[in-house]
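Subject: Structure handover

Hi,

Here is the structure we talked about. Please look it over before reading my notes below.

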Amino acid sequence: MSPSILPHGGRLVDRLAVEAEADELSQRARELPRFHLTDRQRSDVELIATGALSPLEGFMGQADYLRVIREMRLASGLPWTLPITLAIGEEDIRRIREGGRLALADADGPLAVLLVQEIYEADRAIEAQEVYGTRETAHPGVRALTAQGRFLIGGPVTLFRRPVRQFGRYRLDPAESRRAFADRGWRTVVGFQTRNPVHRAHEYIQKCALEIVDGLFLHPLVGETKEDDIPAAVRLRCYEVLLQNYYPRDRAILGVFPAAMRYAGPREAVFHAIARKNYGCSHFIVGRDHAGVGRFYGPFDAHAIFQAFAPGELGITPLFFDAAFYCKACGGTATPKTCPHNGEARVELSGTQVRERLRSGEGLPPEFSRPEVAAVLQEWASRSQNPDRTRLTSAQCA
């Protein structure tokens, strides 16, 4: 573990059962009431168990839940911005009692055991307004919140069977990423969160940050996202070809973040920063409209929220960047902070425009995307429109 970057709360949580304990829990889980996890809940269990969500050792109890949604702090006072809870419906709640144990399962069977310390009711209206800034179900986070059960279960979890580890060699647990940074002698590391392919603008921001730190941790989110987002396997192949051709081999590490997107904008920006601190990062890039969706957040709300915490309180340094673009007049990539031109001089495409170009076969301009990245995306788009052709799989991109 890197001695310079302490995990959030001071200790890296480890709730992974091994060997004899794992066998014992697997046997015990067969006799316990069983709850089937959603994809997001399964992601949360894995992140808790590996320490990515330190200091959480399980799903939040009521005191943590209420203080997080109202004040962005755990009951202890430690900064925390998103509720990490296990929602359950009325039918399931009848099978569970406080003090008992619950087997948590996915499609392959039980994978974890939860000690039920609390059962309480969620305040979904307040949670929606405070966490997402709206109660409109057009917001994907609010929609998911509204659809889930109204009861919450709090208590520690122990993971005895890891979910299928897609993208195996990139799926670094926090203890593993910390060792990788230490092996390279990195004392300062900048983390970069993305759920999209990395285009020239993102590359520019990452390389600006690399000028002031020892290494880059390119850490794309590969959990549940919106249906129209580009699949994680395709995105990962884009990252591979970009790193192979345009980054120093000894200055960047690619890993995957097995979290689900909540689209909570500013609050999720802080959450992403804290999680990357647990992975060993000293710095974290916060872009324009970080973790935003639609028009629910202002372009710089995710920057402003960090001012709610005292300097140094989060234990990770945010690096704020405006939207970058290629400027034909300047002859390079820039942001509004460094470029005086606008209008036709700028080459910048929205996500919708990118998808439309890929569907039409028009391609992406080289000022916007590296040709190797554009080729991966065009191949995927072609396969997606021709179901008789073999699709790009995660195995091809791992």
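A polar contact here is a pair of N or O atoms within 3.5 Å, where one must be able to donate a hydrogen and the other to accept it. By that rule, the side chains of E46 and R171 make a polar contact at 3.0 Å. Bear in mind that this is a predicted model.

E46 first. This residue sits in helix α2, residues 39–50. Is E46 buried or exposed? Buried means under 20% relative accessible area. E46 has 3%, so it counts as buried. Leaving out residues up to four places away in sequence, E46 touches L159, R162, P163, R171 and P258.

Next, the rings. There are seven aromatic pairs in the structure. One is Y65 with Y120: centres 5.7 Å apart, planes at 50°, so it is tilted. Y65 belongs to helix α3 (residues 62–71) and Y120 to strand β6 (residues 118–121), so the pair ties together parts 55 residues apart in sequence. Y65 is buried at 1% relative accessible area. Y120 is buried too, at 4%.

W80 and F271 pair edge-to-face, with 6.0 Å between centres and 80° between planes. W80 is in the loop between α3 and β3, while F271 is in helix α10 (residues 266–278), so this pair ties together parts 191 residues apart in sequence. Both residues, W80 and F271, are buried.

Ring pairs also link F181, W186, F217, F257 and Y279 into a cluster. Two arginines are worth a look here. R184 lies over the face of W186, 5.9 Å from the ring centre. The charged end of R276 sits over the ring of F257, 4.0 Å from its centre.

Best wishes

Conventions: Residues numbered from 1 in each chain as written. Predicted model: local features only at pLDDT ≥ 70, side-chain atom pairs only at ≥ 80, totals over all residues. Heavy atoms only, no water. Helix = DSSP H or I, 4+ residues; strand = E, 2+ residues; numbered from the N terminus. Buried < 20%, exposed > 50% of the residue type's maximum accessible area, 1.4 Å probe, protein only. Contact = heavy atoms within 4.5 Å. Phe/Tyr/Trp six-rings, centres within 6.5 Å; stacked < 30°, edge-to-face > 60°. Lys NZ or Arg CZ within 6 Å of the ring centre and 35° of its normal.
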